[in-house]
Amino acid sequence: MPELKKYDITQKVIEALSDTESRTIIFSIIRRGKTANDLSTSLHIPLSSVYKKLSDLEYLTLIEVEKYLTSDNGRRFKIYRSRINKAEIIIKKPEPVVLLSANREKWKDYFQNPHYWSLMNIISI
């Protein structure tokens, strides 16, 4: 894909945040990651639409794949998590400004994980 200019990215983020389904998806995966199927079921959005929205949101780095799960039959599922927990759009000349706040809930998981602290002890030695 061609590199987007700063204005193009800002405009695309504004469009994503203006879209009801995209916004609902983003803010439903702040505290806990979910699969596309989970999102489709809980939000009553067609699965094909969820996949399209997730792809667009991931491209804009508003969400990320938190981890992969493998089912008993070997099928892999992506668990998506929001990278933001707050968004503000400021309309001013010459261009709008988008302020995004990092999802701190995501980092709580890392700090509460005992493996994180084991790794930190190894690094500090």
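## A tour of the chain, its hairpin and its pocket

The chain has an accessible surface of about 8900 Å², and carbon and sulfur atoms hold 54% of that area (Shrake-Rupley method, 1.4 Å probe). The model is predicted, so that local features need pLDDT of at least 70 and side-chain atom pairs count only at pLDDT 80 or more, while totals for chains, interfaces and linings use all residues. Residues are numbered from 1 along each chain as its sequence is written, and side-chain values use heavy atoms, with hydrogens and water left out.

**Whole chain.** Traced from the N terminus, the order of elements is α-α-α-α-β-β-β-β-α-α. Of the 125 residues, 26% are buried (under 20% relative accessible area, 1.4 Å probe, protein chains only). Among contacts with a separation of 6 or more, 46% join residues 24 or more positions apart (a contact being heavy atoms within 4.5 Å).

Next, select residues 63-70 and 76-82, which are strands β1 and β2; the two pair in the antiparallel sense over 7 bridges (pairing requires at least two DSSP bridges). Display K67 and its bridge partner in β2, I79, then L69, whose partner in β2 is F77. Between the strands lie 5 residues, and in this hairpin G74 adopts a positive phi near 90 degrees.

**Largest pocket.** Finally, select K12, K52, D56, L57 and L60, which lie nearest the centre of the largest pocket among its 13 lining residues. Here a pocket is an open set of points on a 1 Å grid over the protein atoms alone, where a 1.4 Å probe fits, with protein on both sides within 12 Å along at least five of seven lines; lining residues have an atom within 4 Å of a point. Helices α1 (6-18) and α4 (47-59) are the elements that give two or more residues to this lining, and α4 gives the most, with 6 residues. The volume of the pocket is about 260 Å³ (the space filled by probe spheres set on the points, joined across faces, edges and corners). Coloured by class, the lining shows 5 nonpolar, 2 polar and 6 charged residues (nonpolar: Ala, Val, Leu, Ile, Met, Phe, Trp, Tyr, Cys and Pro; charged: Asp, Glu, Lys and Arg; polar: the others, Gly among them).

Terms used
Helix = DSSP H or I, 4+ residues; strand = E, 2+ residues; numbered from the N terminus. Buried < 20%, exposed > 50% of the residue type's maximum accessible area, 1.4 Å probe, protein only.
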